Amino acid sequence: MQPFNGICVDWLQLAGLLAKLHHAFPLHHQTVYPLKRRDFVGLTGLATGALWLPSLPGFGESILVDPARLLETVDPAVKKRMADAALNAAKSAGATYADVRIGRYLNQSIFTREKQVQNIASGESYGAGVRVIANGTWGFAATNIVTEAGLAKAAQLAVEIAKANSKVQKEKVQLAPQKGYGDVSWKTPIQRNAFEVPVKEKVELLLAANAKALDNGANFVNSSLFQINEQKYFASTDGSYIDQDVHRIWPTFSVTAIDRTSGKFRSRDALSSPMGLGYEYLTPKAADKIAGPQGTGLIGYKQSYDILEDAALAAQQAKAKLTAKSVTAGKYDLVLDPNHLGLTIHESVGHPLELDRVLGYEANYAGTSFATMEWKAKNIPYGSKYVNIVADKLQTGSLGAVGYDDEGVKTKEWDLIKDGKLVDYQKTRDQAHIVGQKESDGCSYADSWSTVQFQRMPNVSLRPGKEKMSVDDMIKGVDKGIYIAGRGSFSIDQQRYNFQFGGTVFYAIEKGKIAGQLEDVAYQANTQEFWNSCAGSCDQSDYRLFGSFFDGKGQPSQVSAVSHGSATTRFNAVNVINTARKIS
Amino acid sequence: MAILSKDEAQAILKKVLIFSTADECQANLNGRTVGNIRYARNNVSTAGLSDNISMVVESRFGKRSGVATCNQFDDATLRRCVQRAEEIARLAPEDPEYMPLLGPQQYLTPVSYAASTAAIKPDYRAQVAADSIGLAVGKQLTAAGYLEDGAYFQAMRNSKGLEAYQQSTGLDFSVTVRTPDGTGSGYAVADFTDVSKFNAKALTQIAVDKAAGSRNAKALEPGKYTVILEPAALVSDEGLLNNLIYSFGAREADEGRSFLSKKGGGNRKGEKLFDSRISIYSDPLNAQAPSSVFDGEGLPVKRMNWVEKGVVKNLYYSRYWAQKNGVEPTAFSGNFIMEGGTQSVQDLIKSTEKGILVTRLWYIRDVDPQTLLFTGLTRDGTFYIENGKIKHPVKNFRFNESPVIMLNNIEAIGRPQRLGGNLVPPLKIRDFTFTSLSDAV
């Protein structure tokens, strides 16, 4: 994969950025650095921020364009003609199945620090990928020559590759049947296209957030806004012509407070979430705010986010971290905010239930899974009776929401864990037969027109509790516990047993009440022990989405964006360690 | 053809400068031809090829800068690309950290290209996969691996007279071999500039032996252990040593947000922070792990000491931060080389009374940037050593440790090997902190 060419800084600065990005944002189960260091050598030393672009879905391989280009679209009738050219060429060359994805991937990112703009970049990547089955074997080819001739040539090449690969193939591809949908379309239900908002307005909002942080005592603040639009046209020999317009947005920041005398420094990151929404996410609405536990000042955000309010609180909490009590290691009841728990769900439920991992296809990179089909057959409880985990690609505002996946399957919702028992996995069309099923779950995704689609995680969410319960009601019942909000350091083994998670902010719970900020907290647990210690969730009114732009898988690595919903949830007697150390 | 010669590349870059009407203009041209093959479950799963050349033009008016890119190089496209960069520059805010472009520079002669690697064909990759799979199948084991190789060039030129060009090649291979019952797993990884040094069978054999030898691991109590960390346990995209080197930024240190920040202000350059046997430097002309002789801004890369006998000798200063602090800027280095001795991993095992051999560390994440504390897990071959011999495989551990502490707890340093474009020795370290057990194999 050719990374975003050209905009880059030197490697130490880059490394600093990656380290910060590492710290501030979830890069899942395998670090997503499609860039090797040699990719940076020889690139112009310009804008720091833009080098993040290759790590984002839809940001790879793009060329820089005028922001006005981001508002253009391509006529579906034109795309249909080109798609048909590819499908016909594939069939003539001997394919028994073919699909075409014509993709226009648009993005814009804005980076600021304190009172200055560091970078604004708008990018576009346009091309098509053709996937075929010939001799029972997959073949794939992509082209940036988006014409009937260009696509037909790619289709022929894909068939050639399939035929060549079939010589070493031991098992033929078995595709679950899929009906054609004819000409259909789907669009993320956005209210305001972020690309229609003047750059000046977006810059002013980020600088205003920085000012809030600085006014409230921050020493440093970095803020950024990522906006993505995937204009995807899918056609297949099953008779589908699917035009989709997918939007995503992610505002975020990191605030740092420093005590020069002691040399201590602490950061507090934004409690926003990347979302499948338009710019309306940045217009705060009272109905989307959920008060956090009494005594914390925290606010949970649903379908809109108040960046100014969060930046002010972030500065206060970053400062408080400098003098907060260092946790005493031991067993604690944990009360986990949805913006924290989402990552734990992602790592300990989302990944182990990817069928390709279960089967060993990711053994050399992302790893395998403890939750094999043999393990499932034993009926061992994955979690307590409160653990009901559902997969979907439908939830409004989620990153996984689309009408159809990247192999033309209409999206749906299905159970993964029911009353604590594992009931199903995540599948694509060529995997359904392996678990004796007749249809795909709609989990196919490619991060670019130039990359081949494969099984990726849908939204994986914990259902809220059925009984009415607020976060304060939950905390009332906790004698010795810790409340954790926001993502922090996270690490899990390659089969998803042992994990260690930190967080953004930590509060002690003593005798049913919040008792001040804590620091140096991380919990270590085993996936099954952890989910079996689940003692219930708050109700639907507390339900929120956590998200990530950076789920990495495959070699060469591809990224995908995914959300995880939950309400605040309690876990009993979890092992907490103190992460403070002394260096000379 | 994605690899342009120096003359071909400079001819295109010259045109860009002719089309420029800006105060300053700089153009970079990069190209690559890359191929890969991936296998899993003893079967080839995917194979790919990609070719690309792309151009970045940066135009500046005063302190305003704009960038545009293109991937076609006819006159009309180049002219539009330059115009777009200039339009964006005119609209951009002034950069408070503006630095003028560099003038002509003197560069070392690079040694980073091997024609043998550039000549790799798809059938070679298929043979590598077949050889690797064959070894695993012969032992009733399962292999999953990935090979990627490529030829690259980078060229730049600016309106101040700077001119640079370099070609390079590289090959990366990794393989994980597992037992069919999932109780054993082994790993091997390597990278080269010259494919003639690459032996897929020998590497796969290491992974095969580790997989077969790691069956039925016993559990040891977590705690502090003497460990022998093989290079793959020290260096990876997320490796402990990579992370340490990444943290050598002067600006972060001066701003008070780095383990190299000094109490009360400033940074810790000149202080002895590591064991006296630790020396780390960069050198673009290292024969085993060569790298680029110029960086992204055109600064010449030369040998640079980062740590000498445990003392922090240099921090990374960007051109802006260097000017602000009245010091020389630091060029971007493409590699790091940690000095070592002559002992092999086997020699290190022989001299160990009690300890743990670690093949690989994985899923490494920073826990506390203040102390550079990281967590992660052992993977694909972890063994207990007693009286100079490998006694039995042990279950995997989670660790919580800081490379700063590790490099003060050195027992022995082995012979450096290339990994990730760097040279890194295996290290024997005392009191390495394992905090829990993992059931993962």
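I am working on a predicted model.

I stayed with N379(A) for its phi, which is positive at about 60 degrees even though the residue is not a glycine. N379(A) comes out at 47% relative accessibility, so I call it partly exposed, the class between 20% and 50%.

A573(A) is another non-glycine residue with a positive phi, near 50 degrees. I found A573(A) in strand β30, residues 569-578 of chain A. Its relative accessible area is 45%, so A573(A) goes down as partly exposed.

Then I went looking at a proline. The peptide bond running from Q555(A) to P556(A) is cis, and its omega is near -5 degrees. P556(A) belongs to the loop that links β28 (544-553) and β29 (558-566) in chain A.

**Chain A as a whole**

Chain A has 584 residues, and 68% of them are buried. I get 11 helices and 30 strands for this chain. I also checked how far its contacts reach along the sequence: of those between residues at least 6 apart, 76% join residues at least 24 apart.

**Q500(A), looking across to chain B**

Where does Q500(A) lie? I traced Q500(A) to strand β23 of chain A, which covers residues 498-501. Its relative accessible area is 1%, and since buried means under 20%, Q500(A) is buried.

What does the side chain of Q500(A) make a polar contact with? I found the side chain of Q524(A) at 2.8 Å, and the side chain of N400(B), also listed at 2.8 Å. I then listed the contacts of Q500(A), leaving out neighbours within four places in sequence. From chain A, they include S489(A), F490(A), S491(A), A522(A), Y523(A) and I577(A).

**N339(A)**

I moved on to helix α7 of chain A, residues 338-350, where N339(A) is found. N339(A) has a relative accessibility of 9%, so I put it down as buried. Its side chain reaches the backbone oxygen of S272(A) at 3.4 Å. Not counting residues up to four places away in sequence, I have N339(A) touching L271(A), S272(A), G486(A), R487(A) and F546(A).

**A155(A)**

Helix α4 of chain A, residues 148-166, holds A155(A). The relative accessibility I get for A155(A) is 0%, so A155(A) counts as buried. Neighbours within four places aside, A155(A) is in contact with A86(A), A89(A), A90(A), V130(A) and V132(A). I also checked A155(A) against A95(A): they are 60 residues apart along the chain, and their C-alpha atoms are separated by 9.2 Å.

**Helix pairs in chain B**

For these I noted angle and axis distance, because that is how two packed helices are described.

I began with α1 (residues 6-19) and α2 (residues 75-91) of chain B, which pack at about 50 degrees with their axes 9 Å apart. That angle makes α1(B) oblique to α2(B). The crossing is right-handed. On the α1(B) side, I have I12(B), K15(B), V16(B) and F19(B) making the contact, and on the α2(B) side D75(B), L78(B), R79(B), V82(B) and E86(B). I sorted these residues into five nonpolar, no polar and four charged.

Next came α4 (residues 122-138) and α5 (residues 200-213) of chain B, whose axes lie 9 Å apart at an angle of about 30 degrees. Angles under 35 degrees count as roughly parallel, so α4(B) and α5(B) get that label. I noted a right-handed crossing for α4(B) passing α5(B). The contact is made by V128(B), D131(B), S132(B), L135(B) and A136(B) of α4(B), together with A200(B), K201(B), T204(B), Q205(B) and V208(B) of α5(B). For this contact, I count five nonpolar, three polar and two charged residues.

Technical notes. Residues are numbered from 1 along each chain as its sequence is written. Chains are lettered from A and ligands numbered from 1 in the order in which they are written. This is a predicted model: local features need pLDDT of at least 70, side-chain atom pairs count only at pLDDT 80 or more; totals for chains, interfaces and linings use all residues. Side-chain values use heavy atoms; hydrogens and water are left out. Helices (H or I, at least four residues) and strands (E, at least two) are DSSP runs, numbered from the N terminus. Buried means under 20% relative accessible area, exposed over 50%, partly exposed in between (1.4 Å probe, protein chains only). A polar contact is a pair of N or O atoms within 3.5 Å; within protein, one must be able to donate a hydrogen and the other to accept it, and residues adjacent in sequence count only if both atoms are side-chain atoms. Contact means heavy atoms within 4.5 Å. Axes are lines fitted to C-alpha atoms, for helices over the stretch in contact, and angles run from 0 to 180 degrees between N-to-C directions. Angles under 35 degrees count as roughly parallel, over 145 as roughly antiparallel, 65 to 115 as roughly perpendicular and the rest as oblique. A crossing is left-handed if the near helix is turned anticlockwise from the far one by less than a right angle, and right-handed if clockwise. Ala, Val, Leu, Ile, Met, Phe, Trp, Tyr, Cys and Pro count as nonpolar, Asp, Glu, Lys and Arg as charged, and the others, Gly among them, as polar.
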